[in-house]
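User: I would like to learn how to read pockets, a helix and ligand contacts in a model. Please take one feature at a time.

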Amino acid sequence: MTADPTPDRAVEPSAPSAPSASDVPEAILRLSRSARRITVLTGAGMSADSGVPTFRDAQTGLWTLVDPQDLATPEAWHRDKPYVNAWFLWRVHLMSAAAPNAGHHALAAWAHRPDTDLRIVTQNIDDLHERAGSTVLAHLHGSLFAWRCDRCHRPAPTPHAPAEPTERIEPDSCSHCAFGEIRPGVVWFNEPLPDREFTDAVQVCRDADLVLVVGTSGVVQPAASLPHLAGARGIPVIEIDPRPTEFSPFATHVWRSTAATALPALVAALDRA
Ligand code: APR
């Protein structure tokens, strides 16, 4: 499965001080230097250093006792639109208050290096990659900033998100069709992933000469299958995550570090090449 039969094992997390090129494992630096088509698969850990709460962390105040899986489903939406609408608008507020971290900025800088085609596929519904200057090829689980009509599916502006948690907010009505209401553009549990995004994600995992997997536990399918597509073709796959994941045993190299530490150190080392 792996390009290197004896994948590097965990590298001790780099020192909490400012990242430096010497923190970068040599094998990872060597592969990154020679790579021209780089696919980066990111998950919630990519945004962790921006303080973006997970579904569960946001369960404060009004929603302390609510299971997010009871909120992020089509059934919940049709059962109580104002309640689900208010919860997602609270997340819009929380995400808007967050800022891209050094990891987001490092990926944006890497993409601007000469002879580099860097493609980002994310499971995250935030817009931190974009706000750092990256183009995101695919938001596999949708985006909290891509609202649409729940009937005609036409895109709609992101509604105003109150700065205070609010239990119920009536959804906006669709300005195009008579009965539709504006829902979050995220992929809810029991909903299929968007075809175009997943097809593109498969393609860039198959045609890459290097894949990085950053901040995902690798348990949610079908996103979790993507790095295996690369590995099966002998494409090196580097995992950056402070903790072991479902994918760790299959990674060509594992870098036990955070996105906000490892990625800036790697790009700084590339700049020194
Ligand atoms: N830097 C890098 N990785 C980190 C950091 C960090 N600072 N902090 C945590 N991590 C890692 C964790 O060790 C974990 O492996 O990020 C991963 C987060 O895993 P999950 O919380 O399961 O997030 P993710 O894999 O993106 O979840 C997939 O599940 O909740 C649903 O739809 C939601 O898109 C999400 C999907």
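**Reading the pocket, the helix and the ligand**

Analyst: In this predicted model, the second largest pocket has a volume of about 160 Å³.

User: Which residues line the second largest pocket?

Analyst: A lining residue has an atom within 4 Å of a pocket point. Here the lining consists of His-139, Gly-142, Ser-143, Arg-148, Arg-183, Gly-185, Val-186, Val-187, Glu-191, Pro-192, Pro-194 and Glu-197. Two or more of the lining residues come from each of β4 (142-149) and β5 (182-186). Sorted by class, the lining holds four nonpolar, four polar and four charged residues.

User: Why does the second largest pocket lie between domain 1 and domain 2?

Analyst: Because both domain 1 (1-51 + 100-141 + 193-273) and domain 2 (53-97 + 146-186) give residues to its lining.

User: Which residues of helix α5 are buried?

Analyst: Buried means under 20% relative accessible area. In α5, residues 102-111, the buried ones are Gly-103, His-104, Ala-106, Leu-107, Ala-108 and Trp-110. Gly-103 also takes part in a contact at the start of α5: a side-chain oxygen of Asn-101 reaches to within 2.7 Å of the backbone nitrogen of Gly-103.

User: Which residues come nearest to the ligand?

Analyst: There are 17 residues around the ligand, and Ala-44, His-141, Thr-216, Ser-217 and Asp-241 come nearest. For polar contacts, look at N and O atoms within 3.5 Å. An N or O atom in the side chain of Asp-49 is 2.9 Å from a ligand nitrogen.

Key
Residues are numbered from 1 along each chain as its sequence is written. This is a predicted model: local features need pLDDT of at least 70, side-chain atom pairs count only at pLDDT 80 or more; totals for chains, interfaces and linings use all residues. Side-chain values use heavy atoms; hydrogens and water are left out. On a 1 Å grid over the protein atoms alone, a cavity is a set of points where a 1.4 Å probe fits but cannot get out, and a pocket is an open set with protein on both sides within 12 Å along at least five of seven lines; lining residues have an atom within 4 Å of a point. Grid points are joined across faces, edges and corners, and a volume is the space filled by probe spheres set on the points. Helices (H or I, at least four residues) and strands (E, at least two) are DSSP runs, numbered from the N terminus. Ala, Val, Leu, Ile, Met, Phe, Trp, Tyr, Cys and Pro count as nonpolar, Asp, Glu, Lys and Arg as charged, and the others, Gly among them, as polar. Domain bounds come from an automatic or database domain assignment. Buried means under 20% relative accessible area, exposed over 50%, partly exposed in between (1.4 Å probe, protein chains only). A polar contact is a pair of N or O atoms within 3.5 Å; within protein, one must be able to donate a hydrogen and the other to accept it, and residues adjacent in sequence count only if both atoms are side-chain atoms. A residue is near a molecule or strand if one of its heavy atoms lies within 4 Å of it.
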